[in-house]
Amino acid sequence: MKDIIIIFAVIFLLSSCRAQEPKTAKTDFSKLPEKSVGSLDTATFAAGCFWCTEAQFKELKGVHKVVSGYTGGWVANPSYAQVCTGNTGHAEATSIIFDPKVISYDKLLEAFFVAHDPTQLNRQGDDVGTQYRSAIFVHSKEQLDKVQFYIAALNKEKVYNEPIVTEVVPTAVFYPAEDYHQDYYRLNGKEPYCQLVIKPKLEKFKRIFSKVLKEGE
């Protein structure tokens, strides 16, 4: 895989002067607002097990809160047990509240594509099922425009050996996961899964994003 950080730097420069990309016809994004309003914004990403991605995004400067939960399905108020069956349509996801004056949506996209393998369909490593799919739930047309441009650019540059399969859809109802899933790595860091799976990913993530970590990290 090419150096994704260098590629993203180039893509970011190109994104500031690009023409508008045509929108995907298969999904209706027409009800999305043009852009988010307010001092804080929200990004919603699905990138496999939310224990891993929550721990990673919480490290970034400008991120105020990360909530693990379920979105993109058709069952109201699903439980973890229900989502694990793969029959509710939901993905394990993280809702990331951030300050765009401190960290841009572009940087969060960069982190998203580093945090997991976006070429794996309905799985991340040993976690298999549609609940572990790679997906971006956009909150505005501005976010959609950036996501579509970045995915097209990453595929064109062949950053990954396989095409990106990340699903891009409008934001849906987000159901926070049960309390014991929140801040999971901090509270359960000595458990085998945390030591063997989350810790190596988190350490790699922190090395890559060392310049934008919160103070003291």
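## Crossing of helix 4 and helix 5

A crossing of two helices is left-handed if the near helix is turned anticlockwise from the far one by less than a right angle, and right-handed if it is turned clockwise. In this predicted model, the crossing of helix 4 and helix 5 is right-handed. The two helices pack at an angle of about 45°, with their axes 11 Å apart, and that angle makes helix 4 oblique to helix 5.

On the side of helix 4, the contact is made by Tyr 105, Asp 106, Leu 109 and Phe 113, while helix 5 contributes Gln 143, Lys 146, Val 147, Tyr 150, Ile 151 and Leu 154.

## The nonpolar cores

The largest nonpolar core has 35 residues, and those with the most contacts inside it are Phe 45, Phe 57, Leu 60, Tyr 105, Leu 108, Ile 136 and Val 138. Two or more residues of this core are given by each of strand 1 (41–47), strand 2 (63–71), strand 3 (91–98), helix 4 (105–115), strand 6 (134–138) and helix 5 (141–156), and the largest share, 8 residues, comes from helix 4.

A second, separate core of 14 residues includes Cys 52, Tyr 70, Tyr 80 and Val 83.

## Helix 2

Helix 2, which runs over residues 50–57, is mostly covered, with 8 of its 8 residues buried. These buried residues are Phe 50, Trp 51, Cys 52, Thr 53, Glu 54, Ala 55, Gln 56 and Phe 57. Among them, Phe 57 is one of the residues with the most contacts inside the largest nonpolar core, whereas Cys 52 belongs to the second, separate core.

## Ala 47 in strand 1

Ala 47 is found in strand 1, and because its relative accessible area is 7%, Ala 47 counts as buried, the cut-off being under 20%.

Ala 47 and Gln 131 are 84 residues apart in sequence, yet their C-alpha atoms are 9.6 Å apart in space.

Methods: Residues are numbered from 1 along each chain as its sequence is written. This is a predicted model: local features need pLDDT of at least 70, side-chain atom pairs count only at pLDDT 80 or more; totals for chains, interfaces and linings use all residues. Side-chain values use heavy atoms; hydrogens and water are left out. Buried means under 20% relative accessible area, exposed over 50%, partly exposed in between (1.4 Å probe, protein chains only). Helices (H or I, at least four residues) and strands (E, at least two) are DSSP runs, numbered from the N terminus. A nonpolar core is a set of buried Ala, Val, Leu, Ile, Met, Phe, Trp, Tyr and Cys residues joined through side-chain atoms within 4.5 Å. Axes are lines fitted to C-alpha atoms, for helices over the stretch in contact, and angles run from 0 to 180 degrees between N-to-C directions. Angles under 35 degrees count as roughly parallel, over 145 as roughly antiparallel, 65 to 115 as roughly perpendicular and the rest as oblique. Contact means heavy atoms within 4.5 Å.
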